[in-house]
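Have a look at the model first.

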Amino acid sequence: MTIFNPNTLVEITQQFGTPAWVYDAAIIRHQIRQLRDFDVIRFAQKACSNTHILRLMREEGVMVDAVSAGEIERSLAAGYSNSDNSESIVFTADLIDRETIELVIQHDIPVNIGSMDMLHRIAEVAPHHPVWIRVNPGFGHGHSEKTNTGGPNSKHGISLEDLPQTVALIQQYGLDLIGIHMHIGSGSDFVHLSQACQAMVEVVKLANVDIRAISTGGGLPAPYTENDVELDTNSFFRLWDEARKEIENHLGHVIKLEVEPGRFLVANAGVLVAEIHCLKSTQQHNFILVDAGFNDLLRPSMYGSYHKIEVIHQATNQRQASPLFDPLEYAVAGPLCESGDVFTQDASGVICHQILNNPRVGDLLVFNDVGAYGASMSSNYNSRPLAPEFLIDGGHHRLIRKRQNISDLLALESV
Ligand code: LLP
């Protein structure tokens, strides 16, 4: 569990208001170090795509995965460049549009191919372009069915049945095949990640083609509750290193081993801070209403994800909750006009509770472990502006994204 200094959070929100996202650079650096044994750590920036976070990653030697033209532009803005053949940006998707094709060609960005359609489109305009094949090994696993990206129900990747034909097409076109990539899902566990590792060896043999790298994909878990076990990164690396060696023996030369985490690097490094605006009890629940909604933090509404919530008391606040029943347990909800706007709910939408210490109107609530898929999944639903982001580094904090305002939203519509 992350520990942020409450004084820093109070200082930030007194100056810039709530809600606000706050990240800790030291935690991100610590997580990067856990994976240092891999030849390449490639950050799945969809987890947290602020350019200042990307710049931090680049300074730490971490490469980057992009899944849209926007994410390519973000990588370039953060100083990533493939001009020196570094392959520091890779584009991964199941479809590619004209704008993105132009971008990947212009910046020499390898494309991780998730469909045959994509392969044809690239090859037609750039027949020697560097590519990866993203393989769906026939099974997948994630923290939710919505984040499981393998098996017959998944739209992602090249299936094992289509693999021989994909390889044949790559060779016919003369595309430059870098390697094989496998991402079975997000928020997976050690058992399933190990299965993917075994599958990789078989897939490489089945593909029967020369490659210079393999990617384990992402999906590494992060702890959200006291009971969650942290990933044993040494065992995880050793497992993949053995698979790599087996593949090297098969190919007769060395290859690179990549890992592509999003959540693992940033989840525990971020909090969302909101202010309590209202306390209200129904016959079922003691509700705390805060000024952040699922337009800010979607994960509880989307997956029933648990984020530990804590209170920071503000000395001047007096108005206390008058809970009807169990005085300690609260349901925490936002301001949106939709009943699913509740941060304490399970995957089927049943409202749950968290134990909070004497919350009062005007106090701050801290939502923990939201550094991954927090700000990056925010929207403008209910015409609510995006919240600002801050980065704490070396004892100081700085604004890394301003708060949006209503004029920003309206400006797009003055056509
Ligand atoms: N590589 C690929 C090709 C991916 O699609 C993803 C995640 C990753 C890497 C990184 O996965 P990670 O290491 O973060 O588990 N919104 C969901 C997560 C969706 C992830 C989608 N793809 C959530 O909030 O849990």
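What kind of unit do E2, helix H3 (residues 51-59) and E3 make? They make a right-handed β-α-β unit. Right-handed here means that, with the strands pointing away from the viewer, the path from the first strand over the helix to the second runs clockwise. Helices (H or I, at least four residues) and strands (E, at least two) are DSSP runs, numbered from the N terminus.

Before going further, a word on the source: this is a predicted model, where local features need pLDDT of at least 70, side-chain atom pairs count only at pLDDT 80 or more, and totals for chains, interfaces and linings use all residues. Residues are numbered from 1 along each chain as its sequence is written.

**Around E3**

| Partner of E3 | Sense | Bridges | A facing pair |
|---|---|---|---|
| E4 (residues 89-93) | parallel | three bridges | Ala-66 and Phe-91 |

To get from E3 to E4, the chain goes through helix H4 (residues 69-77), in another β-α-β crossover that is right-handed.

Is E3 covered on one face or both? Both faces are covered, with Met-63 and Asp-65 buried on one side and Val-64 and Ala-66 buried on the other. Buried means that 20 or more other C-beta atoms, placed from the backbone, lie within 10 Å of the residue's own.

An unreviewed UniProt entry puts "domain: Orn/DAP/Arg decarboxylase 2 N-terminal" at residues 27-267. That span is 40% helix and 16% strand, and its end C-alpha atoms lie 10 Å apart.

UniProt (unreviewed entry) also lists Arg-263, Arg-299, Tyr-303, Glu-338 and Tyr-373 under "binding site". They're spread over 111 residues of sequence and up to 27.7 Å between C-alpha atoms. UniProt annotations may be inferred rather than shown by experiment. Of those, Tyr-303 sits in helix H11 (residues 299-303), and it counts as buried because it has 20 C-beta neighbours inside 10 Å.

**Around the ligand**

Which residues come nearest to the ligand? Of the 21 around it, they are Ala-44, Ser-186, Gly-218, Gly-262 and Tyr-373. Being near means having a C-beta atom, placed from the backbone, within 6 Å. Domain 1 (36-260) and domain 2 (267-411) each give at least three residues to the shell, with bounds from an automatic or database domain assignment.

Conventions: A residue is buried if 20 or more other C-beta atoms lie within 10 Å of its own, exposed if 12 or fewer, and partly exposed in between; C-beta atoms are placed from the backbone. Two strands pair if DSSP finds at least two bridges between them.
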